[in-house]
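Q: Hi! Could you walk me through this one?

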Amino acid sequence: MKIIFFSAKPYDRSFFNKHNGQFGFELEFFDTHLGPHIVHAITAADAVCVFVNDKVNAEVIRVLAEKGIKVIALRCAGFNNVDLEAAQRYGLKVCRVPAYSPEAVAEHALAMILTLNRKTHKAYNRVREQNFSLNGLLGFNLHGKTVGVIGTGNIGKAFCRIMTGVGCRVLGHDLTEDQELKDTGVVYKPREEVLRQSDIISLHCPLTEETHNLINRDTIVQMKKGVMLINTSRGKLIHTADAIEALKTGQIGYLGIDVYEQEEKLFFKDLSESIIDDDTIQRLMSFPNVLVTAHQAFFTAEALNEIALTTFENIRQLLSGRDVSHKGALLC
Ligand code: NAI
């Protein structure tokens, strides 16, 4: 049984090859994104394995079905880039890795908060140049601050636990409340209240029609002046132009993003010798109080092991007509 991988990086090859011994699939890796530009070129296979920026729209799915592909396996948790309705129409199964390491993403959100707050990136460079001055490095205690968490699923829950441990007051907002979190002191509030009361806001909900541009001019004005905003979820949760305006006025005091609405043209590539024609990301990167990382929150050894194992297991079960045993992995 053959799986074709798209957007495959050296670490994908390494972790999937490492675990394939126990599954025995035939693997083919392509660096390129899956999208209408390439789908006609693929040869016969049983499954395709895609990542966050592959474009799996109705047209792509129609061609995949014509080529006899039976399974679209996402090696990630988010699935906003796959047209599930079209997959269902063409009879393709779609699976994902729902919770490979929520801690990996939650810990990265904490890393972003600490970097923005305590400016360790600046301190590192300064000290190496024998500049031992503290001017400009002033931070604030996290202990006692109010942290708002939008989306308290797998990752949001891990993040709530971390922030509770640091001594923060944690406010949550979700469509459903998590009793375990409430028992540990997390208080659920309507979204407006979370935005209004929080010193730090971290986004952990999926990208849906409802959450698209959730952070925009109207919601930003509801926040505390100087708020710290963290997004490790999906770029389109934030209206970037509105965030830039709010950074200019100081309404947003710190912005940490691991995801960006136009990221598919940039992230996961070395563009250090290129001219970047995206003025929005260039403007964002010019602010001293903005930290951009290139969709690396998931990127730990534990997560990559789990992603490879769960993806193989999902594909094996689906191709042999069995139920998918990982809870929440089957999307259609
Ligand atoms: P999850 O499905 O376990 O949790 C998402 C939560 O958001 C659910 O509890 C859901 O009820 C809630 N939610 C949905 N709509 C909402 C709304 N309108 N308002 C408030 N809450 C809402 O998903 P998980 O695993 O926690 O992942 C969250 C997101 O993180 C994914 O959708 C993905 O976009 C992103 N992600 C980013 C990674 C990275 O490397 N930066 C890696 C993995 C996931």
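Q: Let's start with Phe 25: buried or exposed?

A: Phe 25 counts as buried because its relative accessibility is 8%. Buried means under 20% relative accessible area, exposed over 50%, and partly exposed in between, with a 1.4 Å probe and protein chains only. Keep in mind that this is a predicted model, where local features need pLDDT of at least 70, side-chain atom pairs count only at pLDDT 80 or more, and totals for chains, interfaces and linings use all residues. Residues are numbered from 1 along each chain as its sequence is written, and side-chain values use heavy atoms, leaving out hydrogens and water.

Q: Thanks! Where is Phe 25 placed?

A: Phe 25 is in the loop between helix 1 and strand 2 (26-29). Helices (H or I, at least four residues) and strands (E, at least two) are DSSP runs, numbered from the N terminus.

Q: And what is Phe 25 in contact with, leaving aside its neighbours within four places in sequence?

A: Met 1, Ile 3, Asn 20, Phe 312, Ile 315, Arg 316 and Leu 319. Contact here means heavy atoms within 4.5 Å.

Q: Switching to helix packing: how do helix 1 and helix 12 cross?

A: The axes of helix 1 (residues 10-20) and helix 12 (residues 301-319) come within 9 Å, crossing at roughly 55 degrees. That makes the pair oblique. Angles under 35 degrees count as roughly parallel, over 145 as roughly antiparallel, 65 to 115 as roughly perpendicular and the rest as oblique. Axes are lines fitted to C-alpha atoms, for helices over the stretch in contact, with angles from 0 to 180 degrees between N-to-C directions.

Q: Which residues meet there?

A: Helix 1 brings Tyr 11, Phe 15, Phe 16, Lys 18, His 19 and Asn 20, while helix 12 brings Ala 301, Leu 304, Asn 305, Ile 307, Ala 308, Leu 309, Thr 311 and Phe 312.

Q: Nice. New topic: which residues have a positive phi without being glycine?

A: Among them are Ser 7, with phi near 55 degrees, and Phe 268, with phi near 70 degrees. Most residues other than glycine have a negative phi.

Q: Where are Ser 7 and Phe 268?

A: Ser 7 is in the loop between strand 1 (2-5) and helix 1, and is buried, with a relative accessible area of 9%. Phe 268 is in the loop between strand 11 (252-257) and helix 11 (279-286), and is partly exposed at 22%.
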